[in-house]
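Open the structure in your viewer and keep the selection panel at hand. The tour goes stop by stop.

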Amino acid sequence: MSIDKIFHIMKKDSKAIFKNPAVVITIIAIIILPSLYALLNIDACWDPYGNTDNLDFAVVNNDQNATYNNASYNFGDNVVDKLEDNDDFAWDFVDEDDARDGVENGTYYAAIIIPENFSSNLLSINDQNPKQAELTYLINEKTNPVASRMSNNAVNQIQSKINDEVIKTVNGVAFNQLSVMGQTTPQSSLSQLSYMNSSGVDNYFYSPTEVTKEKINPVDNYGSEVSPFYIVLSIWVGCVISIALIKARYLGESLYKPLELYFGRMGLFLVIGLLQSTVTIIGAFWLGIEVSNPGLFIGCVYLITLAFMTFIYSLLSLFGNGGKALAIIILVLQISTTNGIYPVYVMNDFFQALSPYLPMTHAIALLRNALLGVYWPTFFTGVYAMIGMIIGTLIVTIIIKEKFDKVANKFEQALKDSGLF
């Protein structure tokens, strides 16, 4: 293997690019496309739960007044009043027929129907057989899978708010009764009861438990949370686009040994990959993605790019069009299996077992540490995985390149002879 010949191939590739305007335009497109894939997806996911005010949600109130301790209540009206001041969704207050038709035809993503006996059931606590109030929740799950989950969350919140109001009403009455009882007790008992208003017993009745949320590595928006997945995915996609459009085999192959061809053309692919990542990095900062450590982020993106491009280019160099197919197959396996969006532990046993052996699993974990907060053991595991991927790929390719080259050439020639490829 001659180093001079390797550099000779690199020099000829550079001249070939800048001599032909069509080639320059194509290379620019190859460099820009992967970053657009990442940035557009991240921007689209930036704050999906903050944009639910555009989702149409129907509300039907059929509730009738109910009496409790000589007072009249209509919790359905209370719900409507609260929703009118709520901008989480685009609430539309309609009759039941319109709501059902709207959910069926897709006008509304979901609907809540408050029945006639809603208040009376809520206030049946003094009855011998108290009844649980029910809301009817209509959801057309074929309309959109994510919208249905958002609507579910809205209904849970509404249910929680209604429960809070009922608890306040019933406990308020009970507490007043306790106060009245206290007026008939000895002075010491009354004093003790008074000391308990001042210590917040009424708050205890309204909210017996409280939850304090403590965030570790807080992230302000969903777009930043999913950015490690989309950036890593775009790097892999960028490598696939590159090998799909640029030949790995040099025209003057008879003049060079297989490994000279391999290393000579590798330079072009690596430069393109690094330029792709540079555009993505610039776009990430422009978009405002949270970056806890800019230096680590930039270094990790470049390291992942070198690892992925070395691996995918080597597949192409070794197996020709078969290598392209392998790169796509591995991509498909990684989309849902690498802990990028969904936790890997919600997948079936096969994908859970496969996940540790997929490159994107470690790349996403590495980039997540660089972007959203470093945990050094996980960070270095990702670094070692990427470096190991580069070294392992080069060793395997050097060992088998010459043996596979003739087979790959025959395979590609057979494809050309078919007139289909």
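**Stop 1: a charged patch**

Select D56, D92, D95, D97, D98, D101 and E104: together they form a patch of negative charge on the surface. Bear in mind that this is a predicted model. Now colour helix α4, residues 96-105. This helix supplies four residues of the negative patch, the largest share.

Pick D101, which lies in helix α4. Is D101 buried, partly exposed or exposed? Its relative accessibility is 48%, so D101 counts as partly exposed; the exposed class starts over 50%.

**Stop 2: a salt bridge**

Stay on helix α4 and show the side chains of E96 and R100. They meet in a salt bridge, with 3.1 Å from N to O. Side chains of opposite charge can pair when their charged atoms come close. Why is the spacing along the helix about one turn? Because E96 and R100 are four residues apart in helix α4. Check the surface too: E96 is partly exposed at 28% relative accessible area, and R100 is partly exposed at 38%. The salt bridge count for the model comes to one.

**Stop 3: the nonpolar core**

Hide the surface and select W236, F297, I304, F308 and L367. Within the largest nonpolar core, which has 64 residues, these five touch the most other members. Next, colour the helices that each give at least two residues to this core, among them α1 (3-19), α2 (21-44), α9 (222-245), α10 (258-287) and α15 (376-417). Which helix gives the most? Select α11: it contributes 13 residues. In soluble globular proteins, nonpolar side chains tend to be buried together.

Conventions. Residues numbered from 1 in each chain as written. Predicted model: local features only at pLDDT ≥ 70, side-chain atom pairs only at ≥ 80, totals over all residues. Heavy atoms only, no water. Patch = residues over 30% accessible without salt bridge, like charges linked within 9 Å, V, L, I, M, F, W, Y side chains within 5 Å. Areas by Shrake-Rupley, 256 points an atom, 1.4 Å probe, with all protein chains shown as cover. Salt bridge = Lys/Arg side-chain N within 4 Å of Asp/Glu carboxyl O. Lys, Arg positive; Asp, Glu negative; His and termini not counted. Charge placed at Lys NZ, Arg CZ, Asp CG, Glu CD. Buried < 20%, exposed > 50% of the residue type's maximum accessible area, 1.4 Å probe, protein only. Core = buried A, V, L, I, M, F, W, Y, C linked by side-chain atoms within 4.5 Å.
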